[in-house]
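Try each task before reading its solution.

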Amino acid sequence: MLSISQELADKIVAHARADHPDEACGVIAGKNGVPERFVPMANAERSPTFYRFDSMEQLRVWREMDDRDEEPVVIYHSHTATEAYPSRTDVSYASEPNAHYVLVSTRDDDKAEFRSYRILDGVITEEEVRFLP
């Protein structure tokens with residue numbers, strides 16, 4: 001189960017809405033599996049159907065997390081026209097075995113679909129999301 005503050009969840013959704021119609025992406029860094037610090041990143045592809053972290057930005061962010069004794073607790077991105085479910089490409093990029101992979105769908109203007117998954121060895125497992133005050 002992913003336990004995440006409503007504030008952090010709202011920031012993910014706001015980033016997804018701001019970057020729409022392109023996919024948004026980023027990380028929530030934290031310690032001991034607790035999501036704490038919102039780190040929006042640029043979609044190097046600038047695409048409505050695909051995302052990729054810029055390699056230099058990713059290196060900088062991962063070094064910063066190392067320096068702060070943090071880990072990528074949540075890796076998030078948005079889908080702009082489809083449901084919030086990992087694509088084959090998303091699964092192939094899932095390289096952090098302990099991360100929660102959050103997907104937000106911005107296909108509906110009135111409601112954002114917010115879902116979380118564990119992706120390990122190509123296997124997708126949806127998990128419950130608990131929003132904390």
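**Exercise 1: a salt bridge**

Arg-37 and Glu-64 form a salt bridge, with their closest N and O atoms 2.8 Å apart (a side-chain nitrogen of Lys or Arg within 4 Å of a carboxyl oxygen of Asp or Glu). This is a predicted model, where local features need pLDDT of at least 70 and side-chain atom pairs count only at pLDDT 80 or more, while totals for chains, interfaces and linings use all residues. Residues are numbered from 1 along each chain as its sequence is written, and side-chain values use heavy atoms, leaving out hydrogens and water.

Task: which elements hold Arg-37 and Glu-64, and is Arg-37 buried or exposed?

Solution. 
- Step 1: Arg-37 sits in strand β3 and Glu-64 in helix α2, 27 residues apart (DSSP runs numbered from the N terminus: helices are H or I, at least four residues; strands are E, at least two).
- Step 2: Arg-37 has a relative accessible area of 17%, so Arg-37 is buried (under 20%; exposed is over 50%, partly exposed in between, with a 1.4 Å probe and protein chains only).
- Step 3: Glu-64, at 28%, is partly exposed.

**Exercise 2: the sheet**

Task: in what order do the 6 strands of the open sheet lie, and which strands stand at the edges?

Solution. 
- Step 1: The order is β3-β2-β4-β5-β6-β7, with mixed pairing (two strands pair if DSSP finds at least two bridges between them).
- Step 2: β3 (34–41) and β7 (123–127) each have a single partner strand, so one side of each lacks a neighbour in the sheet.
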